[in-house]
Amino acid sequence: MAAIRLKNVHKTYPNNVLAVSSFNLDINEGEFLILVGPSGCGKSTILRLIAGLEELTDGMIYIGDQLVNDVVPKDRNIAMVFQNYALYPHMSVYQNMAFGLEMRKVPKTDIGDRVHEAADMLQIIDLLDRKPKELSGGQQQRVALGRAIVQKPAVFLFDEPLSNLDAKLRVQMRAQIKTLHALLKTTIVYVTHDQVEAMTMGDRIVIMHEGLIQQIGTPLEIYHQPRNRFVGEFIGSPPMNILPVTITTDPKPELRHPDFVLPLAQTSAWLESIGSRQVNLGIRPEDVTLADPHSADIHATWPVVLIESMGHESLVYLKLADGDFVAKVNDLPGSLKEGADIGVRFQLDRLHLFHWESGEVLAP
Amino acid sequence: MLNRSQSKFLSLTATYALLATGLIFIIFPYIWMVLASLKPSAEIYNRLIPTRITLEHYRMVFSLGSTGSTSPFVRAIFNSLVVSSITTLSVVFFGAITGYALARLRFKGQNLLKNFILFQMLFPIVLFLIPRFLLMIRLGWINTYQGMFSPFMMSAWGTFLFMQFFKTVPQSLIDAARLDGCSELRIVFRIMLPLSKSVTIIVAIFTFMSMWDEFLWYLIVTKDYNLMPLSVLLGLYTRGEYSSYPGIQVAGATLLTLPILALFYFFREYFTKGITMTGVKG
Amino acid sequence: MVIPYILFTIIFWVYPLIWGILIAFKKWNIISPVTEFVGLDNFIKILHDPLFWISFKNTLIFMVVFVPLSIICSLMVALLLNRIKLLRSFFSLGYLMSYVSAGVAYSIVFRLLFSGDGLINSWLGKVGITIPWFSSPKLAMVSIAFIVVWKFLGYYSLIFLAGLQSIPSTIYESAEIAGASKWMIFRRITVPLLNPSFTIILIFAVILSFNIFTEPYMITGGGPLDSTQTFMMQIYYQTFTALHAGYGSSFAITVAIISFTFVFIVKKTIEKDMIYS
């Protein structure tokens, strides 16, 4: 177990591509930290920098109390699980798991014990004599985990470990990795582009975009208080609806959209600091309710384009003059049908206002 | 008129017949050679099938030279093996590490070196014969094993082949090996080479074959009959001392051919793979 | 990790290359410590050396026989191999057998087999002819070309076969549906699409023609009447028998330039960029 500290980390690749800049992050001992973002956001670069597989352009990385900038990967006391598992195809499962220990000159009997212990934990004892190509995807994944576990490292690094698995296995493995973390209490840095993995597995999430940290927080913080439009849209499925609106204070504080007007409850001081201006209104699909178009307390009425029902909940796609709107609802009003109009009610305490240009949230 | 399946059958039969006829022309010299080495001298010139089988030529070959000492042929076979094996090991070893560095590491001048290797392959051997010979004189390596193999110890061709193949190995395997504590050399020999079995074998057999077959260079740098590889010894005997002993010549030719033929038999699929994959090494 | 390669290349490649070029402008008999700078004299001497022109002529004779014959035969074998499935690898390996034979060994075999009183002539004698394969000045170089065709037939066939198999079968099918005859398909589709194979084989064949040594050295010794003298044999005799290192070196450079020119011409005239999805 060890804490990890990244201070002012920069990484520029030889072809002058800036992968990460001004990256500061403290990862606590024993924490399960998720790095999430779209592909090319620099999350894998961070992982490879921690592992020592890439060299820093600038900045400092500490693992535990040790500055590891000039420490080679094998001496960083870390283990890594790769997206394509990276099992050595010419070695058996046992040899794969034992290889790193052999390289570190661990005594033969200890190697055997540790491999069997890990294999037992992962239920792959029966597979020890097989070659990787004789294993299913899920089994290979578990061997890759085993290979990391036998090292007894201070930190586990996961690089999109589940993205090559099918949906059902992914759910199983998610649970297995969580269980392992609870058991071993080793610090984990876990890279993924999958927001479900991010939300369900991590103690904290780091959201990255174009080499920069967008937000760091617990899953719920990130979900409820996105710091900018990118985070708001990235987390949540389907993504947050974004509508252009205008803030006015005359005659009273309101958000104006061609199709609706919403009251603003913010303090007058806040309103004064903002002034009248155009902003983006963010509203999650699950933060609206649908009602009969003639109901009294609806905010807007839009035509229904498509209804996708998944049983316990439904996605309703609405057509606006300048875009689309998605609602995720449990109860479907009786009058709801494709082609007809439907009334929409926003949950007023769940609105997010983002700066028109910078996308930063306009916090109340 | 023939129907479609009949004419197809006929054309296929013709195809096999033509291929088989051609194959006889290819194989006939081998058959003749082996038979000639086993028949009495008098029959070598004008009979295909021997009236009796005799091992006298081989007995001659293995008992040449002064009594009590090893036959020069036996020594020559040994010399050929030594020179070819050392070269093969060296070409594989240095080809693999250089190819790995070029394909998977980053260092200054990397692209320059890559292009230089391609550039090297354009230069015909004729340009190097004389100055390398002079170099061997200067080093005092005439009539030594190292004189025979040193110019061939590293090959642009082998390095290029390893480099091309190593490019296809997933980066994560190399990363995993580094995390497991492998040095770069270990990565080459514990991970890359085992994953590149075909390329390794191809480089090895083609190198071994070309060194076994080499003639001109050995002819230039060895004057000592005790150190000559089989190809040169047989060549010089055939043109000199034993020019009127066709039996010894064919027996020697058979001995020179058989090891490579055996190699060909055991690694046959790698020969075809090597040729179709690279088309290099003429 | 690349340092050994770089060191090796400097010692055994760059250094000899430069040294070779330098001594080409010198007169030197290897043994004496004295070298004399003679400028372009060696190269001028080459142009007046009858053996240079004889070797050139012999090389051209070799090429004129070897190149078309080996290409036609190996293309035929490749086309035949491409038609069969059963036993294909048996036959391709069979044809490749001659490629693995050692130069000295097959030279000995062919010299005996085709000698004036050898088996082939004793068979031909039964129908009343004798062919002086290696003893006629007119025929000797041609015979040598024949046996080199024997050696490389299977090798070139495999290159052609790989080329044939890389042509997508849909191209043939669409041509067939368009009503092209077999010959038209061969002329207009197969041959143009085999361009990369033709190019590489031609380049190999040309380079090989300039490097012929073992066969004439072993079989004819350059005779009869210098009809099988080759560039390589000249370089060998000049340098290692007559010890004219400077002259040999300038000879080698001249040959390299000629062979470069030939390869260049081949590339320019026949190579086309071939891309098909």
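## Strand pairing and chain totals

Over four bridges, strand E15 (residues 288-291) of chain A pairs in the antiparallel sense with strand E19 (residues 341-346) of chain A, where pairing requires that DSSP finds at least two bridges between the strands, and strands (E, at least two residues) and helices (H or I, at least four) are DSSP runs numbered from the N terminus. Within this pair, A:Val288 is placed opposite A:Phe346 of E19(A). E19(A) is also joined by four bridges to strand E16 (residues 300-309) of chain A, again in an antiparallel arrangement, and there A:Thr301 has A:Gly343 as its bridge partner.

This is a predicted model, in which local features need pLDDT of at least 70 and side-chain atom pairs count only at pLDDT 80 or more, while totals for chains, interfaces and linings use all residues. Residues are numbered from 1 along each chain as its sequence is written, chains are lettered from A in the order in which they are written, and side-chain values use heavy atoms, with hydrogens and water left out.

Chain C contains 13 helices and two strands, and its C-alpha atoms fill a box of roughly 75 × 60 × 35 Å along the principal axes. Further totals for this chain are tabulated here.

Of the contacts in chain C (heavy atoms within 4.5 Å) with a separation of 6 or more, 68% come from residues 24 or more positions apart.
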